[in-house]
Amino acid sequence: MKKITPIFLFCFLAFLVPVNAENTPDGIRPLMDGYIAQNALPGVVYIIADKEKILEIECLGYHDIANKRSMAPDVLFWIASQSKPVAGVAVMMLVEEGKLDLDESVTTYLPELDKVMVSRIKKDSIQVLEKPTRPVTLRHLLSHTSGMTFLGGVQAQTGKIDMLSLSNSVYVSAITPLSFEPGEGELYSNQGINLAAAIVERVSGLKYEAFLQKRLFDPLEMKSATFFPDKRQLSKFAIPYSMKKNGMEEIQIHHLQYPLDDRDKRYAEAGGGIFCTPEDLLKFYQMIASGGFYKGKRYLTAYSVKVLGEQQEMANGRKVNGLGWNANDLFMGHGGAYGTNTKIYKKEGLIVMYFVMGDLPEQKKIFGEFEKLVREKYNIK
């Protein structure tokens, strides 16, 4: 007999509760039900929790419309760029062990990058390559201030983020010019996050996916977390949808190679390659919300968590992202392509998780309305 987990039972019982003004005074569920009824969303899972428990969870609509398969907390999502906070944590684990330094030149760990150049536009629009005047550091890589482009080489040409191993991506980055002097600009870069993960591999002696499995996924009991979903997991995968002339249609994830369970041609991509269920990903965020501690085990010090969630400062004094995290004084978290998003509100200690899967025209608007209602209900300021 299949074991029913508490979080699944919580979601199932919520599904049975009728929608009315008494049991949903905040209007969050009616909002989401309305958009699903309008065919603007296929389905959604959202969770509001603190560091110890779930305060609210809803699983609405479908993860597979054609087969009428309902959303659930154990549905597998491609979390896309929510993979970046995981990379930040992996790096900070090695920083705490004295094996990495955030402000050391990356060439200390990856000497292949010694010849990296910066692209400059000279008079009459002539582009020249010059040696940077300051080194790229891990802090630059994780805060998107290294000057590295989103992707390089064959990944940039195809738009597929999982075409190269992390070790091979180092060589691509070595010949891809920086867009600006390190620390003097901000450019969202999977390439930079992947280099940080390549450094984790080089220093730890483990493949990045093996490091995460050993240090995070297994001890946190994130059983679904993977770069390579198997056939069993894919049977409960949140299918991505796009809006076409005739309505909502299934699509493939543009950024990834198919089939998704092909481990011969697909590689772990630290900037956006993780798949996970909402119920498992919550454990990771509860660990962070608890200052690096979860169920009797310390993963990071509270100070390291604080560093991850602090805005970094560029050479000109302007503040930018945290280290692998979108961060400001209010929250630390990250969104993902196709609609997943998680934020930890620092003052309130609340975790707000939102999971949809698709490239849909009203997606940003719907999330904004959802977030506004959540903040009103929980007095997040």
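This is a predicted model: local features need pLDDT of at least 70, side-chain atom pairs count only at pLDDT 80 or more; totals for chains, interfaces and linings use all residues.
Local features need pLDDT of at least 70 and side-chain atom pairs count only at pLDDT 80 or more, while totals for chains, interfaces and linings use all residues. Residues are numbered from 1 along each chain as its sequence is written, and side-chain values use heavy atoms, with hydrogens and water left out.

**View 1. The pairing of β2 with β3.** Strand β2 (residues 54-64) is joined to β3 by two bridges in the antiparallel sense, and aspartate 64 has arginine 69 in β3 as its bridge partner.

**View 2. The covered strand β14.** All five residues of β14 (residues 341-345) are buried, that is, under 20% relative accessible area with a 1.4 Å probe, counting protein chains only. Asn341, Lys343 and Tyr345 lie on one side, and Thr342 and Ile344 on the other. In a regular strand the side chains alternate between the two faces of the sheet.

**View 3. The two hairpins of β14.** Five bridges join β14 to the antiparallel β13 (residues 331-335), where phenylalanine 331 stands opposite tyrosine 345; between these strands are five residues, and tyrosine 338 takes a positive phi near 75°. Five bridges also join β14 to β15, with lysine 343 partnered by valine 352, and in the turn of four residues glycine 349 has a positive phi of about 70°.

Terms used:
Two strands pair if DSSP finds at least two bridges between them. Buried means under 20% relative accessible area, exposed over 50%, partly exposed in between (1.4 Å probe, protein chains only).
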